[in-house]
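Here's a quick briefing on how two protein chains meet. Have the sequence and the structure open while you read.

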Amino acid sequence: MREDEIRDLFREMRDEPVPLESLVRVRMRVEDRILRRAPWKFAAMIGAFAALAIAAFVMQVRPAARKTASPPVAMHQPAPTPPPEEALPDGLPLTIRPAIVRKALKPRPAPPAQSISIRIETPDPDVVILLVGE
Amino acid sequence: MQATALMFEISRVAEDAFGRVVREREAQLLRVAYRILGNWADAEDVAQEVFLRLHRHGLGFAHEASLSSWLYRVTVNLCVDRSRRVRPVNELPELREARPSAEADLLRDEQKRRLMLALAKLPPKERAAVVLREIEGLSTAEVAEILGSTEVTVRTQIHRAMTRLRELLKKEGA
């Protein structure tokens, strides 16, 4: 047999039909295996989603807790006690410095609320789950 | 819960897309696996494994050509692994049911049967190269990509395989 005859036979083989029963068997076996595995897969997906939701909730609560904390209070330093008056020698002017009173500091303005976004990528590149929390 | 419904919907869309790929590609993969392995039972096992791997991998392919290339590559790798484990085929490979037809058709079927038997005697990589290039009609570059080798290697493998096939068929008296 020559090489071109072999190539002709190969080309004919390309068009030969595949037995229908083989196709059906493969499809059924694949579906069966996937369905058997699917509940676990779905449960895992739900679990992952729940974990992310909890994480988002915790992250949201923490800054709020910080916000409700009492604002910083300025410390009032006691005015320095003047030394006991002593009898000054006559002729010297008596000067009294006013006590320094520090003003109370204004509480800092609370930081603006941050938005939290969580991006979950699925096997399908066109489908992305975005969880946005304020 | 809306999120759960969304998850169900995503899952359903992914399963629909996967089912479509299975329907479109199963005949092609079965044919390639059968030509490399020489029997339908092993070819079915390989095709099934390829689709299960695709399901795990997901359909995140940039374009149709990369999906096709991926499917061919996994099929060929599984077939080559299986061919190395299993003893070479000594009995005549199964063929489709012979139709009672004209004498020329019977002669043609007999030639194909002998060619399949000779093909089964080639080393797995050479066999895969011949199946992809000559039966599936892929380009040398595509075959090289699937087999993970160079175009020069593929050309050499095909040339060597064709020479060997001619020798085997000559010995058989075809």
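**Where the chains meet**

Between chain B and chain A, 14 residue pairs are in polar contact, counting pairs with both residues at pLDDT 80 or more. That confidence cut-off is there because this is a predicted model. On chain B, the side that touches chain A draws at least two residues from each of α1 (2-37), α2 (40-57), α4 (103-120), α5 (124-135) and α7 (151-172). The top contributor is α1(B), which puts 15 residues into that side.

**Interface make-up**

- Sorted by type, the residues on the side of chain B that touches chain A come out as 23 nonpolar, 7 polar and 14 charged.
- In terms of head count, 35 residues of chain A are in contact with 44 residues of chain B.
- Together the two chains, B and A, bury about 4200 Å², and 67% of that sits on carbon and sulfur atoms.

**Salt bridges**

- How many salt bridges does the rule find across the interface of chain B and chain A? The tally is 10.
- There is a salt bridge between the side chains of A:E16 and B:K112, with N to O at 3.1 Å.

**Nonpolar cores**

- As background, nonpolar side chains in soluble globular proteins tend to be buried together.
- Here, the largest nonpolar core holds 61 residues, and the ones touching the most other members are A:F10, B:L54, B:L132 and B:L165.
- α1(B) supplies the largest share of this core, at 10 residues.
- Which residues is A:F10 in contact with, once its neighbours within four places in sequence are set aside? They are B:L115, B:L119, B:V130, B:E134, B:I135, B:M162 and B:L165.
- So two of the residues that touch the most other core members, A:F10 and B:L165, are also in contact with each other, which by the rule for contact puts heavy atoms of the pair within 4.5 Å.
- Another core lies apart from the largest one; it has 6 residues, including A:F49, A:A56, A:I116 and A:I129.

**Chain A on its own**

- Chain A is built with 2 helices and 2 strands, and reading from the N terminus the order is α-α-β-β.
- Of the 134 residues in chain A, 17% are buried, meaning under 20% relative accessible area.
- Looking at contacts in chain A between residues at least 6 apart in sequence, 45% of them link residues at least 24 apart.

Terms used: Residues numbered from 1 in each chain as written. Chains lettered and ligands numbered in written order. Predicted model: local features only at pLDDT ≥ 70, side-chain atom pairs only at ≥ 80, totals over all residues. Heavy atoms only, no water. Buried area = accessible area lost by both parts, 1.4 Å probe. Salt bridge = Lys/Arg side-chain N within 4 Å of Asp/Glu carboxyl O. Polar contact = N/O pair within 3.5 Å; in protein donor to acceptor, adjacent residues only side chain to side chain. Helix = DSSP H or I, 4+ residues; strand = E, 2+ residues; numbered from the N terminus. Nonpolar A, V, L, I, M, F, W, Y, C, P; charged D, E, K, R; others polar. Core = buried A, V, L, I, M, F, W, Y, C linked by side-chain atoms within 4.5 Å. Buried < 20%, exposed > 50% of the residue type's maximum accessible area, 1.4 Å probe, protein only.
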